[in-house]
Amino acid sequence: MPVTTLDAKTALIVVDLQNGIVGLPTAHPAAGVVANAALLAEEFRKRNLPVVLVAVAGGAPGRTEQAPRANGERPADWEDLAPELNQQVSDHTVTKRTWGAFSNTGLLEILQGEGVTQLVVVGIATSIGVESTARQAQEHGFNVTLAVDAMTDMNADAHTNSVSRIFPRLGETGTTREIIDLLDASRA
């Protein structure tokens, strides 16, 4: 289903577009993903709509079959947000330690405090941070929109599964251009 509408109070959630993540091999060029996310952030800021920049700083405790990706010490700038996002004082920042951005981060309270009813979610990785955050958002009652050209994954099949099978059940999908066009139309 293509994106049809944006609520008057829609926030942009940018997931894990930080130096340590955008430098990983991805199914689609990360530079294009970051450029589209940065364009959306600029458009949201122009309309005084909330922008939340999410960074991951570790993993949830618990045993997994797959070893953590990071071996050894991470570079000092690993958690730094991609400079192309042009972080502003008005942006909210959230640091997470699980896949989803709502767990123990205060994100729900930030969004409720701003009166937000809809989220546009972008970032890396589609099937992990983006999907988990979108699932949590939907469970909290937010309308969810996913900008599919402002996200990618380390695994192309996982990206395609999220976009084609999971996201249509969580909300609406569209391109960066379609979302900006809706921002223009809804605030004209």
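Because the model is predicted, local features need pLDDT of at least 70 and side-chain atom pairs count only at pLDDT 80 or more, while totals for chains, interfaces and linings use all residues. Residues are numbered from 1 along each chain as its sequence is written, and side-chain values use heavy atoms, with hydrogens and water left out.

Helices here are DSSP runs of H or I with at least four residues, strands are runs of E with at least two, and both are numbered from the N terminus. Helix α2 covers residues 30–46. The buried residues of α2 are Ala30, Val33, Val34, Asn36, Ala37, Ala38, Leu40, Ala41, Glu43, Phe44 and Arg45. Buried means under 20% relative accessible area, exposed means over 50%, and partly exposed is in between, using a 1.4 Å probe and protein chains only. The cover over these α2 residues includes β1 (10–15), α1 (19–22), β2, β4, β5 and α6. After α2 comes asparagine 48, with a positive phi near 55°.

One of those covering elements, α6 (residues 176–186), has an axis that comes within 10 Å of the α2 axis and crosses it at roughly 5°. That makes α2 roughly parallel to α6. Axes are lines fitted to C-alpha atoms, for helices over the stretch in contact, and angles run from 0 to 180 degrees between N-to-C directions. Angles under 35 degrees count as roughly parallel, over 145 as roughly antiparallel, 65 to 115 as roughly perpendicular, and the rest as oblique. On the α2 side, the contact (heavy atoms within 4.5 Å) involves Asn36, Leu39, Leu40, Glu43 and Phe44, which meet Thr176, Ile179, Ile180 and Leu183 of α6. Sorted by class, this contact has 6 nonpolar, 2 polar and 1 charged residues. For the classes, Ala, Val, Leu, Ile, Met, Phe, Trp, Tyr, Cys and Pro count as nonpolar, Asp, Glu, Lys and Arg as charged, and the others, Gly among them, as polar.

Threonine 176 sits in helix α6 and is buried, at 3% relative accessible area. Leaving aside residues up to four places away in sequence, threonine 176 touches Asn36, Leu39, Leu40, Ala147, Asp149 and Ala150.

The other helix pair is α4 with α5. Their axes come within 10 Å and cross at roughly 5°, which makes α4 roughly parallel to α5. From α4, the residues Thr126, Ser127, Val130, Glu131, Ala134, Arg135 and Gln138 meet Ala158, His159, Ser162, Val163, Ile166, Phe167, Arg169 and Leu170 of α5. The residues of this contact divide into 7 nonpolar, 5 polar and 3 charged.

Helix α5 itself (residues 156–170) has 15 residues that should span 21 Å at 1.5 Å a residue, and its end C-alpha atoms are 20 Å apart, which agrees. Even so, α5 bends by about 35° at serine 162, where the bend is the angle between axes fitted to the seven residues ending there and the seven starting there. Serine 162 is also among the buried residues of α5, listed with His159, Ile166, Phe167 and Leu170. Their cover includes α4, β5 (143–152) and β6 (172–174). Asparagine 155, in the loop between β5 and α5, is partly exposed at 38% relative accessibility.

The peptide bond from isoleucine 124 to alanine 125 is cis, with omega near 10°, and alanine 125 lies in the loop between β4 (118–124) and α4 (126–139). Asparagine 86, though not a glycine, has a positive phi of about 50°; this residue belongs to the loop between β2 (51–56) and β3 (92–96) and is partly exposed at 47% relative accessibility. Asparagine 104, also not a glycine, has a positive phi of about 55°. Asparagine 104 is in the loop between β3 and α3 (107–113) and is exposed, at 80% relative accessible area.

Terms used. The expected span of a helix is 1.5 Å times one less than its number of residues.
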